[in-house]
Amino acid sequence: MNDPVLATRLRDFGVTVFAEMTALAKQTGALNLGQGFPDSSGPPAVLEAARQAIADGVNQYPPGSGLPQLRNAVAEQRDREYGTAYDPETEVLVTFGATEAIAASLLAFCEPGDEVAVFEPYYDSYAAGIAMAGAQRRAVKLTPTPTGFVFDPDELRRAITSRTRVLLLNSPHNPTGKVFDRRELELIASLCQQHDLIAVTDEVYEYLTYDDFAHHTIASLPGMRERTVAISSGGKTYSVTGWKVGWLCAPKHLVDAVRTVKQYLTFAGGGPFQLAICEGLANQREWVEQLRLSLQTRRDRLSGELTAAGVEVYPAQGTYFLQIDVRPFGYDDTDRFCRELPLHAGVVAVPSTAFYDSKETARTLARLAFCKSEEVLAEAAERLVTFAKRG
């Protein structure tokens, strides 16, 4: 068999940029500021809850919709934080991380040939999920400015056509660190209602916002709860990204559609971790607040040292990530910069071209993760500053 075996719609997708850059970090011994995972674990009480659940025998399949304890905890959290009430029996679905929730939603809602409006840069799994659903993406560009990333409302309007089925929104936004404000969300909401779109929202960094920025779920806006699938997870909130416990909240008919797909992807699993995340949602809000403040301090330190060395750093209003301009390092091609940086400076970054359709916009942008320990960040900052001075 000589013909390609991978389906045509997926031939643009190879090894993810995160796997590639993490492998490069291991090969070179470089500090990994590429992949967005912390190098410390979460709240002790949450970790202990997982150990106890395993010891108590919670090791078989949980219900397909997720353990009722977690569905109840998620419903209580959404109501407490955002004033959006969901029935835990019929309007909450537990998934293998937010990535599965997003992919299952796209597979559930999109017919071949439908379109999905999405802001670029976008997390790389979005493009793959859209392709797997047989849909087409219509990207709306987020452009870097000295005050953060912005989009053109008219470009968003033009991106929505008679074939658009879903608007996929990520806020707080990976990889730019943008937090969409109320005015922007109201515009997006009005277009969803005008064109009868389903909003699929990735809110996994919901607690990790900085300065005066705060996350608002679009589901809380008038007319939006009935057309929004709000997705989050415990991985980023409690620094347990390997547990892959996610969930979505939506009206029953939307949850039923996603469950139909999800049950044939992974069915159900992670029972002990599901119980442990209940502890986090119920009792660990202060721990999360301390994490947020710590990340803000780490962001400021890395950003400040790079800025002082002449590197342009774009403001991160939330998430784990900073976008930087690579030209002060002597490069005008971020792909080359990121592949040579481990060799010359002992640091790994991710080229932002991996997240854009319009590659020219990202040609000089790279993403750095600041969710690492203060010691790692201090050493990485020193290496980057030294390298920038050479450039």
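Biologist: So buried means under 20% relative accessible area, exposed over 50%, and partly exposed in between, with a 1.4 Å probe and protein chains only; which of these is Lys-244?

Modeller: Lys-244 is partly exposed, at 37% relative accessible area. Quick caveat: this is a predicted model, where local features need pLDDT of at least 70 and side-chain atom pairs count only at pLDDT 80 or more, while totals for chains, interfaces and linings use all residues. Numbering runs from 1 along each chain as its sequence is written, and side-chain values use heavy atoms, leaving out hydrogens and water.

Biologist: Noted. Where does Lys-244 sit, and what is its phi near?

Modeller: Lys-244 is in the loop between strand 9 and strand 10; helices (H or I, at least four residues) and strands (E, at least two) are DSSP runs numbered from the N terminus. Its phi is near 55°, a positive value in a residue other than glycine. Most residues other than glycine have a negative phi.

Biologist: And Thr-319, buried or exposed?

Modeller: Thr-319 is buried, with 0% relative accessible area. Thr-319 also has a positive phi, about 75°, without being a glycine. You'll find Thr-319 in the loop between strand 11 (313-314) and strand 12 (321-325).

Biologist: Which residues does Thr-319 touch?

Modeller: Leaving out residues up to four places away in sequence, its contacts (heavy atoms within 4.5 Å) include Pro-172, His-173, Asn-174, Tyr-205 and Phe-370.

Biologist: New topic: how do helix 2 and helix 9 pack?

Modeller: Helix 2 (residues 44-55) meets helix 9 (residues 271-283) at about 145°, with the axes 8 Å apart. Those axes are lines fitted to C-alpha atoms over the stretch in contact, and angles run from 0 to 180 degrees between N-to-C directions. Residues making the contact include Ala-45, Ala-49 and Ile-54 of helix 2, and Phe-273, Leu-275 and Glu-279 of helix 9.

Biologist: What about helix 8: which residues are buried there?

Modeller: In helix 8 (residues 252-262), the buried ones are Leu-254, Val-255, Val-258, Val-261 and Lys-262. They are on the same side of helix 8 because they cover an arc of only 120° around the axis, where the arc is that of the directions from the helix axis to the C-beta atoms. The buried residues of helix 8 pack against strand 2 (92-96), helix 4 (97-109), strand 8 (198-202), strand 9 (228-233) and strand 10 (245-249).

Biologist: Last one: how many residues are in the largest nonpolar core?

Modeller: 75, and Val-229, Leu-302, Leu-306, Phe-329 and Phe-337 touch the most other members. A nonpolar core here is a set of buried Ala, Val, Leu, Ile, Met, Phe, Trp, Tyr and Cys residues joined through side-chain atoms within 4.5 Å. Helix 12 (residues 374-390) gives the largest share of this core, seven residues. There's also a second, separate core of 27 residues, with Phe-180 and Met-224 among them.
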